[in-house]
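Work through these exercises with the model open beside you. Try each task before reading its solution.

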Amino acid sequence: STLFPYTTLFRSQTLKALTDATLIDWQPFKTPSQYVRELTAPVPAGSLAGSPSVPSVPAFRALTAHFLRVRYGNFPATAPLYAEVETLRKEVLREP
């Protein structure tokens, strides 16, 4: 699907922001599930710049699940999925 790169980009942007905020430790060998588990560990409120609270773990789980389905499950990256992934990324990072 032509939207697959954008789904991957949103996930990558999210991982970078979480890494920059020291909420996860990005490593090339880690699996998506490892990042979900790492993010569920207690973190100080306000760790993300300009954010009043920690990232949304349920949104990060959903974002990761969508990424895995598209990347490895041959699910199409449709326009509605793209919109949902974009919304989830904003929710994870507590962006307006």
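Buried means under 20% relative accessible area, exposed means over 50%, and partly exposed lies in between. Keep in mind that this is a predicted model.

**Exercise 1. Get the overall layout**

State how many helices and strands the chain has, and in what order the elements run.

Solution. 
- Step 1: Count the elements. The chain has 4 helices and 0 strands.
- Step 2: Read from the N terminus. The order is α-α-α-α.
- Step 3: Check burial. Of the 96 residues, 35% count as buried.
- Step 4: Residues 24 or more positions apart account for 59% of them.

**Exercise 2. Find the salt bridges**

Solution. 
- Step 1: A side-chain nitrogen of Lys or Arg must lie within 4 Å of a carboxyl oxygen of Asp or Glu.
- Step 2: Take Lys16 and Asp20. Their side chains meet at 2.8 Å, N to O. Both residues lie in helix 1, 4 residues apart, about one turn of the helix. Lys16 has a relative accessible area of 51%, so Lys16 is exposed. Asp20 is at 53%, so Asp20 is exposed.
- Step 3: Take Glu38 and Lys30. Their closest N and O atoms are 2.6 Å apart. Glu38 is partly exposed because its relative accessible area is 22%.
- Step 4: Take Arg89 and Glu95. This salt bridge spans 3.3 Å, N to O. Arg89 has a value of 11%, so Arg89 is buried. Glu95 is at 35%, so Glu95 counts as partly exposed.

**Exercise 3. Examine a buried charge**

Which side chain of opposite charge is nearest to Arg11, and how far away is it?

Solution. 
- Step 1: Locate Arg11. It sits in helix 1, residues 4-20.
- Step 2: Search for a partner. The nearest side chain of opposite charge is Glu38, 10 Å away. Arg11 is buried yet has no salt bridge.
- Step 3: List the contacts beyond four places in sequence. Arg11 touches Pro32, Tyr35, Leu63 and Phe67.

**Exercise 4. Describe a helix pair**

Give the angle, axis distance and handedness for helix 3 and helix 4.

Solution. 
- Step 1: Note the ranges. Helix 3 covers residues 57-72 and helix 4 covers residues 79-92.
- Step 2: Read the geometry. The angle is about 145 degrees and the axes are 8 Å apart. The crossing is left-handed.
- Step 3: Name the contact residues. Helix 3 gives Ala59, Phe60, Ala62, Leu63, His66 and Val70. Helix 4 gives Leu81, Glu84, Val85, Leu88, Glu91 and Val92.
- Step 4: Sort by class. The contact has 9 nonpolar, 1 polar and 2 charged residues.

**Exercise 5. Look at backbone phi**

What is the phi of Thr22, and what is the phi of Arg94?

Solution. 
- Step 1: Recall the background. Most residues other than glycine have a negative phi.
- Step 2: Read Thr22. Its phi is positive, about 55 degrees. Thr22 lies in the loop between helix 1 and helix 2.
- Step 3: Read Arg94. Its phi is positive, about 55 degrees. Arg94 lies in the segment after helix 4.

Definitions and conventions. Residues are numbered from 1 along each chain as its sequence is written. This is a predicted model: local features need pLDDT of at least 70, side-chain atom pairs count only at pLDDT 80 or more; totals for chains, interfaces and linings use all residues. Side-chain values use heavy atoms; hydrogens and water are left out. Helices (H or I, at least four residues) and strands (E, at least two) are DSSP runs, numbered from the N terminus. Buried means under 20% relative accessible area, exposed over 50%, partly exposed in between (1.4 Å probe, protein chains only). Lys and Arg count as positive and Asp and Glu as negative; His and the chain ends are not counted. Contact means heavy atoms within 4.5 Å. Axes are lines fitted to C-alpha atoms, for helices over the stretch in contact, and angles run from 0 to 180 degrees between N-to-C directions. A crossing is left-handed if the near helix is turned anticlockwise from the far one by less than a right angle, and right-handed if clockwise. Ala, Val, Leu, Ile, Met, Phe, Trp, Tyr, Cys and Pro count as nonpolar, Asp, Glu, Lys and Arg as charged, and the others, Gly among them, as polar.
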